[in-house]
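Work through the exercises below with the sequence and the model open. Each task is followed by a solution in steps.

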Amino acid sequence: MNEQSSEQKMDKLNQVTTDVGDSSTDQAFLNRLRQNIDAVDCEIHTLINDRAKLAQQVATVKKNHVASSTTTASKANNNPIFYRPEREAQVLKAVMARNTGPIADEKMARLFREIMSVCLDLEAPQRIAFLGPVGTFTHAAALKHFGKAADTLPLTTITDVFREVEAGTAMYGVVPVENSSEGVVNHTLDGFLSSTLKIIGEVELPIHQNFLVAEHTKLDGLSRIYSHQQSLAQCRHWLDVNYPNIERVAVSSNGEAARRLKNEWHSAAIAGDVAAAEYNLHKLYSNIEDNPSNTTRFLIIGHESIAPSGQDKTSIVVSASDKAGALIEILKPLSAHGVSMTSIETRPERPNKWAYVFFIDMDGHIQDSNVSAAIADIRPLVKDVRILGSYPKAVL
């Protein structure tokens with residue numbers, strides 16, 4: 001059977017469009033378009049399965065490599081790593097670079113994200129711990145980064161997420177680290193002070209709040225609005241204008257707010273899209289946040305070190321000496337080696353009294369000569385430097 005080139009196929013599809021004036025009826029033309037869509041769908045179907053088979057072959061190679069290890073100890077300590085964040089970042093960036101439309105670059109990348117998620121699940125199911133419950137923005141970040149094929153595990157606290165990944169119950173974890181409106185999440189930074197886990201990726205999630213109701217909600221009887229205290233604060237002006245006299249009840253999470261509507265006819269909730277879908281709620285109003293550019297950054301935590309992707313960040317934690325000008329000394333090597341610092345945060349160095357550590361994010365990978373040189377110059381100036389990880393910058 002002769003195979004057509006992609007150019008020939010596109011010429012054929014374009015011919016259908018240009019022939020619209022020659023069609024005897026609109027219905028005949030519509031039928032021809034649908035036939036071509038069916039043909040393209042068949043080709044897409046075949047190619048997705050071809051990709052999945054290649055992913056299975058990759059998994060086999062990785063497993064055979066571990067099986068061929070010469071000692072039991074090396075096998076135990078050299079489990080195959082199926083999820084490679086640097087590789088996925090490169091694939092997604094390539095998808096957007098070669099995209100010609102009409103689908104927007106990011107939407108096209110999200111389609112590929114889900115294909116990659118399903119293929120990774122064929123290689124080895126990935127269990128992802130996240131700060132729960134189901135329906136939170138951290139849940140949304142986990143799905144955005146790993147795709148919907150991932151097995152997600154909601155946990156009660158950030159400490160629980162660190163603990164489950166350390167224990168190996170979950171392969172990776174997703175935790176919030178900073179919000180563009182509310183600032184840094186201290187519990188996450190403190191988690192690194194008592195953990196050996198590394199940062200292996202990041203997710204940036206625009207925070208869009210929705211006003212949600214259930215099917216049985218009586219809108220003329222609304223008396224209570226549930227949400228997390230930060231979400232209530234982020235929607236304060238909208239609530240003051242639209243529902244100034246209704247009680248606002250802060251709960252542990254937006255997922256919990258959405259869950260409560262199941263048994264209450266007089267309540268509404270403020271939460272994101274994932275919560276609306278998870279609890280089958282109706283979005284009475286969308287994007288009600290006062291700041292439409294509000295964004296939260298999440299970290300992916302795991303055990304392994306990540307190879308360069310080409311566009312990376314490096315995060316370190318520095319235990320500074322207790323002396324005047326300590327911070328200035330830390331920052332000078334970054335400037336001297338042309339390393340761009342993207343953020344710095346300070347936390348108490350427990351249990352020491354009046355001692356502090358600095359969390360620093362910078363552009364570049366630890367394998368980049370300027371980054372490694374800057375960190376080497378910092379080391380003799382401080383009590384300790386720990387590299388939390390080098391990882392790809394958020395792509396989606």
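**Exercise 1: two helix pairs**

The axes of helix 2 (residues 26–67) and helix 5 come within 8 Å and cross at roughly 40 degrees. This is a predicted model, in which local features need pLDDT of at least 70, side-chain atom pairs count only at pLDDT 80 or more, and totals for chains, interfaces and linings use all residues. Residues are numbered from 1 along each chain as its sequence is written, and side-chain values use heavy atoms, with hydrogens and water left out.

Task: describe how helix 2 and helix 5 are oriented and which residues meet.

Step 1. Helices (H or I, at least four residues) and strands (E, at least two) are DSSP runs, numbered from the N terminus. Axes are lines fitted to C-alpha atoms, for helices over the stretch in contact, and angles run from 0 to 180 degrees between N-to-C directions.

Step 2. Angles under 35 degrees count as roughly parallel, over 145 as roughly antiparallel, 65 to 115 as roughly perpendicular and the rest as oblique. Helix 2 and helix 5 are therefore oblique to each other.

Step 3. On the helix 2 side, I48, R51, A52, A55, Q56, V58, A59, K62 and K63 take part, and they meet I115, M116, C119, L122 and E123 of helix 5. Contact means heavy atoms within 4.5 Å. The residues of this contact between helix 2 and helix 5 divide into 9 nonpolar, 1 polar and 4 charged. Ala, Val, Leu, Ile, Met, Phe, Trp, Tyr, Cys and Pro count as nonpolar, Asp, Glu, Lys and Arg as charged, and the others, Gly among them, as polar.

Step 1. The crossing of helix 13 and helix 14 is right-handed. I330, P333 and L334 of helix 13 make the contact with A374, D377 and I378 of helix 14. Its residues divide into 5 nonpolar, no polar and 1 charged.

**Exercise 2: the surroundings of S390**

Task: is S390 buried or exposed, and which residues does S390 touch?

Step 1. S390 is part of strand 15 (residues 384–392).

Step 2. S390 counts as buried because its relative accessibility is 5%. Buried means under 20% relative accessible area, exposed over 50%, partly exposed in between (1.4 Å probe, protein chains only).

Step 3. Leaving out residues up to four places away in sequence, S390 touches I199, I306, K313, T314, H365 and I366.

Step 4. The side chains of S390 and T314 are joined by a polar contact of 2.6 Å, and the side chain of S390 also reaches the backbone nitrogen of I366 at 2.9 Å. A polar contact is a pair of N or O atoms within 3.5 Å; within protein, one must be able to donate a hydrogen and the other to accept it, and residues adjacent in sequence count only if both atoms are side-chain atoms.

**Exercise 3: the surroundings of E349**

Task: locate E349 and list its side-chain polar contacts.

Step 1. E349 lies in the loop between strand 13 (341–348) and strand 14 (356–363). At 15% relative accessibility, E349 counts as buried.

Step 2. E349 touches S319, A355, Y356, V357 and K383, with residues up to four places away in sequence not counted.

Step 3. The side chain of E349 makes polar contacts with the side chain of S319 at 2.7 Å and with that of K383 at 3.3 Å.

**Exercise 4: backbone details**

Step 1. G101 and P102 are joined by a cis peptide bond with omega about 10 degrees. P102 is in the loop between helix 4 (85–98) and helix 5 (105–123).

Step 2. The bond from G132 to P133 is cis, with omega near 5 degrees. P133 sits in the loop between strand 1 (127–131) and helix 6 (137–146).

Task: what is phi of N280, and is N280 buried or exposed?

Step 1. Phi of N280 is near 55 degrees, a positive value in a residue other than glycine.

Step 2. N280 lies in the loop between helix 12 (273–278) and strand 10 (282–285). At 57% relative accessibility, N280 counts as exposed.

How values were computed: Left-handed = near helix turned anticlockwise from the far one by under 90°.
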